[in-house]
Each structure stands twice: as structure tokens, then as C-alpha cells.
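This report considers the local surroundings of selected residues. The sequence and the structure are shown below.

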Amino acid sequence: MSTNFLGSPPPLFKNVISSCNKLSTFTIRACLHSCEPKIDDHVYNNYAKYCTPNFPNHVSRTPISEKQPKTTLNHTILDNFAKDDDLWLKMQKEARLDIEQEPLLSNYYKNSILAHDSIESALANHLSMKLSNLSISSETLYDLFMGVLTEDQELIFDVNADLIAVKERDPACISYIHCFLNFKGFLACQAHRIAHKLWSKRRKILALVIQNRVCEVFAVDIHPGARIGRGILLDHATGVVIGETAIIGNNVSILHNVTLGGTGKMCGDRHPKIGDGVLIGAGTCVLGNVRIENGAKIGAGSVVLMEVPERTTAVGNPARLIGGKANPIKLDKIPSLTMDHTSYLSEWSDYVI
């Protein structure tokens, strides 16, 4: 983990960083997430500065309109996290335990997990079986997906980060293998990553075909042009729609029936920009080229048409800030990690059932 900071890290993280230098990425992540301290304005801002990685798909704190240079992922982190076999070995162990409990599923687990020597092979196989049809064979899709995944190893980093995000944030997720095989939000997100890579290489027709199959199979419609960060949870995922020029940062949690869409027939950059650590509740519509800043929370069923400042909560149709626009109440925890959808209700003095 790089400690090449601009200046000294804040006291809250100084001891964590110094003591975790020699630990694995999984240990560091667990260490940071388990603390859940009360965070004031100064420390929260430094959290974004020091502890938020700068990845190619990352929505930074600078204006979205500014083009961000392509950055290279730190090789040490990539080696420890994406290429490390720990998570894959754990998934294989989980598969064997599941077979012991349910022998009926032995062939399914063997073909989906145990017959493969890597997570990319298993993912390419599982997605190809899900997305194939009479016109596009699973063998053709497997070769395509495997080629993309092995060519860009950062995609495997993304897969691992998403698996960990789902396991940490969704109480319904009983194991990594359960997420990998059965959670359509996770699978739709990984299929999108492959489609986006093809889109970026100007193989747009093929990328759009994959988008269509994902929409038909998983009921999730993500345009291959959309850019999505790491550590993403699409919880339930049914009805999620994400437009072509949308950008989603890291460690974002999105529930079902969420639309990140445009406002009409406008061309160009026309979709929302979602910062790091954002939580978007079920049934929410965020429309137009508006920013949802880092650490913001959008209540279920809201319609957002304007920028939402960082660490604030917006609810309603049209959405309004809890505490008012002039002095909105600031959140002291990262909402996408806590998955707390209802804490803002305590601020509604006139809330009545």
C-alpha cells in the first residue's frame, strides 16, 4: 500500500497506515471498515484524500468535466489483491462445503467452480452459460470473455473488490460463492465491465449485444459506455438503468429500480456522476448531468434533478436536502458502507405514520 502522501496523513489514519504497511489488502480493508469512528469535516475530507484510491474509473473530487489521465494501478496492490489466490481458494473451499451439505449440487459446483484453475476462468464460464442463446453459443462467449479478462488483469481486481463489497454490505449474502453464482447484480456488473472494455476498444456492436443479453437475463440495463468504479453493490438489481455517459465512483451501493438517466433527447454528456461512498435507495431517479458528491445518501423513491453536496441526505420528489439547502445535516459515516437507509427519519419532526 503506497504511503507517498502529499503531506502527513491525519492522526485518525496515521497509526492504521503505519501498522498496516506489511499486511494484506484484505486485512487493511477490514481494519479500516471495522473502526467506524465519528468523523468530523476535517477528517472526512482527509479520508477522501488519503484513503480513496485513484483508479481510471474513479470519480475524483475535481470537476467531472475535466478529463482524468489514465493512471496505472500500483503493482504491489494488484499483486496482493487481484492476483492473490486467497479469495479464489476460499471460494473453492466454500464450494466443497456446499457440496457436503447439498450433494445434489455437486455437478453444478464442480462445473462452475472446481473444474477451473482461476477466478477469471470460472467467471467467463458462468457468464457465458447465463448469457448464451441459440444464436450465440456459450463456447463463443467463453472465449470472448476469457480473452478480455486475461488481457486486463485490473478487471480481476474489480471482480474481487465487488465480491468483498457484496459480502460485507449485504446481510443476505452467506458466502463469496453464493454471491459469485447467484447474485445477478454482481453478475450484471461483471458483464458490464467486459462490455465496457469492448466498447472502449471500438467493438461497440458486440458490446451492445452483451448489454442486451444482460438486460434480458438479469433485468439490469447498463450502457457499455458507462464508467463504473470498484467495490460496487447492486443490491437486488432488478430494474437498474444506467445511461451511456454516467460515471460511478468507488464503494457505491445502489438498490433496485434505480435510474441514472438523461432528461430527454439531449446528446453528449447527459447522465449523472456519482461520487465515492454514495448510497442510492430503491426506486430513485437521478436525471441529467448532475453530481452526487462523495458520501451522499439518496432516500428511496427520490427524484434528483440537482447536485447533492457531499455527506448530505436528499429525499423526496423533487429531492430536498435534510436540514435545508443553507445548512444541510452532514453524515458522519460512509453511507454506502453502513447501508443505513432510514437514519434521516429522526430529523423529520413532522414525520407521522
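## Selected residues and their surroundings

L105 counts as partly exposed, because its relative accessibility is 34%, a value between the limits of 20% for buried and 50% for exposed residues. The model discussed here is predicted. L105 is located in the loop that links α5 (86–101) with α6 (106–114). Together with L104 and Y108, L105 forms a nonpolar patch on the surface, and the accessible area of these residues together is about 310 Å².

A further loop position is G301, found between β12 (297–298) and β13 (303–304). G301 has a relative accessible area of 42% and is therefore partly exposed. When residues up to four places away in sequence are left aside, G301 touches A282, G283, T284 and G316. G301 and I280 are 21 residues apart along the chain, and their C-alpha atoms are separated by 9.5 Å.

E120 belongs to helix α7, which comprises residues 119–131. E120 is buried, because its relative accessible area is 13% and the term applies under 20%. Again without residues up to four places away in sequence, the contacts of E120 are M146, L149, T150, Q153 and I156.

The accessibility values are set out together here.

| Residue | Relative accessible area | Class |
|---|---|---|
| L105 | 34% | partly exposed |
| G301 | 42% | partly exposed |
| E120 | 13% | buried |

Notes:
Residues numbered from 1 in each chain as written. Predicted model: local features only at pLDDT ≥ 70, side-chain atom pairs only at ≥ 80, totals over all residues. Heavy atoms only, no water. Patch = residues over 30% accessible without salt bridge, like charges linked within 9 Å, V, L, I, M, F, W, Y side chains within 5 Å. Areas by Shrake-Rupley, 256 points an atom, 1.4 Å probe, with all protein chains shown as cover. Salt bridge = Lys/Arg side-chain N within 4 Å of Asp/Glu carboxyl O. Helix = DSSP H or I, 4+ residues; strand = E, 2+ residues; numbered from the N terminus. Buried < 20%, exposed > 50% of the residue type's maximum accessible area, 1.4 Å probe, protein only. Contact = heavy atoms within 4.5 Å.
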